[in-house]
Amino acid sequence: PHFPTEDLQKDLSPGIQALDFRLFAEIEKALQAGTKAQQYLGEVQRTCNIASGLYGCGRRAVRMLNDMYRQERQAQITKAHTALEKNNCGDMAGLPAFLDVEERNHYILEKCEEPMPEGQIRLRLEKKLAGVQGIGATLEHFASLKEGHEDKTSSALMVRLKARAAAYQEK
């Protein structure tokens with residue numbers, strides 16, 4: 001059940017109140033390092049302060065952090081999808097930057113526990129790179145592989161494409 005935030009303060013026994021206060025103190029300690037942590041600490045301290053009567057409310061701070069995490073995660077997912085959608089490659093010279101954007105944003109989606117399905121990644125790469133001269137043979141070879149072949153993965157395709165990009169840059 002989802003309790004209204006205000007109810008997290010009501011009718012606390014002295015033992016639970018003490019535990020809630022210790023939790024709050026530990027949260028404040030944990031949020032001392034890092035830019036994001038400092039930002040989250042500021043949000044928690046703006047709400048849970050002595051003037052509001054909420055200072056020491058650890059469970060409320062946990063709820064706030066959870067909500068901020070969910071918002072941040074959703075923002076990261078949206079940004080990654082937008083970057084992938086805008087990512088295009090017109091020629092071999094643009095291939096390294098294209099692959100970098102692909103790799104970075106698929107990593108973000110994976111870390112946010114929203115990975116793009118394997119088939120969708122492969123289809124995207126094949127579609128977005130179809131017109132790039134110099135990698136046609138690589139894409140044709142990949143397309144010719146039988147489903148289930150150990151090299152019929154987006155990771156294997158990325159490795160091959162990176163090798164083609166590196167060979168092109170050495171010319």
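Where is His81 found? I looked there first: His81 is found in helix H3. Helices here are DSSP runs of H or I with at least four residues, strands are runs of E with at least two, and both are numbered from the N terminus.

**Ground rules**

I note that this is a predicted model, in which local features need pLDDT of at least 70, side-chain atom pairs count only at pLDDT 80 or more, and totals for chains, interfaces and linings use all residues. Residues are numbered from 1 along each chain as its sequence is written, and side-chain values use heavy atoms, with hydrogens and water left out.

**Entry: His81**

I checked the exposure of His81. His81 counts as partly exposed because its relative accessibility is 37%. My cut-offs: buried is under 20% relative accessible area, exposed is over 50%, and partly exposed is in between, with a 1.4 Å probe and protein chains only. Next I listed contacts, meaning heavy atoms within 4.5 Å. Neighbours within four places in sequence aside, His81 is in contact with Leu109 and Met116. I also took the C-alpha separation of His81 and Met116: 9.5 Å, for residues 35 apart along the chain.

**Entry: whole chain**

I counted seven helices and zero strands. From the N terminus on, the order reads α-α-α-α-α-α-α.

I then looked up the overall dimensions. The radius of gyration of the protein is 24 Å, whereas a compact globule of 171 residues would have one near 16 Å. That radius is taken over C-alpha atoms, and the globule rule is 2.2 Å times the number of residues to the power 0.38. Along the principal axes, the C-alpha atoms fill a box of roughly 70 × 35 × 20 Å.

Burial came next. Of the 171 residues, 34% count as buried. The accessible surface comes to about 10,900 Å², and carbon and sulfur atoms hold 55% of that. These areas come from the Shrake-Rupley method with a 1.4 Å probe; for residues, only the protein chains shown count as cover.

Among contacts between residues at least 6 apart, 63% join residues at least 24 apart.

The protein has 24 positive and 24 negative charges, and their mean positions are 2 Å apart. Lys and Arg count as positive, Asp and Glu as negative; His and the chain ends are not counted. Each charge is placed at NZ of Lys, CZ of Arg, CG of Asp or CD of Glu.

**Entry: aromatic pairs**

How many aromatic pairs does a search of the whole structure find? I got two. Rings of Phe, Tyr and Trp (its six-membered ring) pair if their centres lie within 6.5 Å; planes under 30 degrees apart count as stacked, over 60 as edge-to-face and the rest as tilted.

I took Phe21 and Tyr55 to begin with. Their ring centres are 5.6 Å apart and their planes stand at 65°, so the pair is edge-to-face. Phe21 lies in helix H1 (residues 14-30) and Tyr55 in the loop between helix H2 (35-47) and helix H3 (58-86), so the pair ties together parts 34 residues apart in sequence. Phe21 counts as partly exposed at 40% relative accessibility. Tyr55 counts as partly exposed at 35%.

I moved on to Phe24 and Tyr55. The ring centres are 5.0 Å apart and the planes are at 70°, so this pair is also edge-to-face. Phe24 sits in helix H1, and 31 residues separate Phe24 from Tyr55. Phe24 is buried, with a relative accessible area of 1%. I logged Phe21, Phe24 and Tyr55 as one aromatic cluster.

**Entry: Glu113**

Most residues other than glycine have a negative phi. I found that phi of Glu113 is near 60°, a positive value. Glu113 lies in the loop between helix H4 (95-111) and helix H5 (118-129). Glu113 is exposed, with a relative accessible area of 62%.

**Entry: Asn88**

I placed Asn88 in the loop between H3 and H4. Asn88 counts as exposed because its relative accessibility is 55%. Leaving out residues up to four places away in sequence, Asn88 touches Phe98 and Lys128.

**Entry: Arg164**

I found Arg164 in helix H7 (residues 154-170). Arg164 counts as partly exposed at 29% relative accessibility. Beyond residues up to four places away in sequence, Arg164 touches Met92, Gly134, Ile135 and Thr138.
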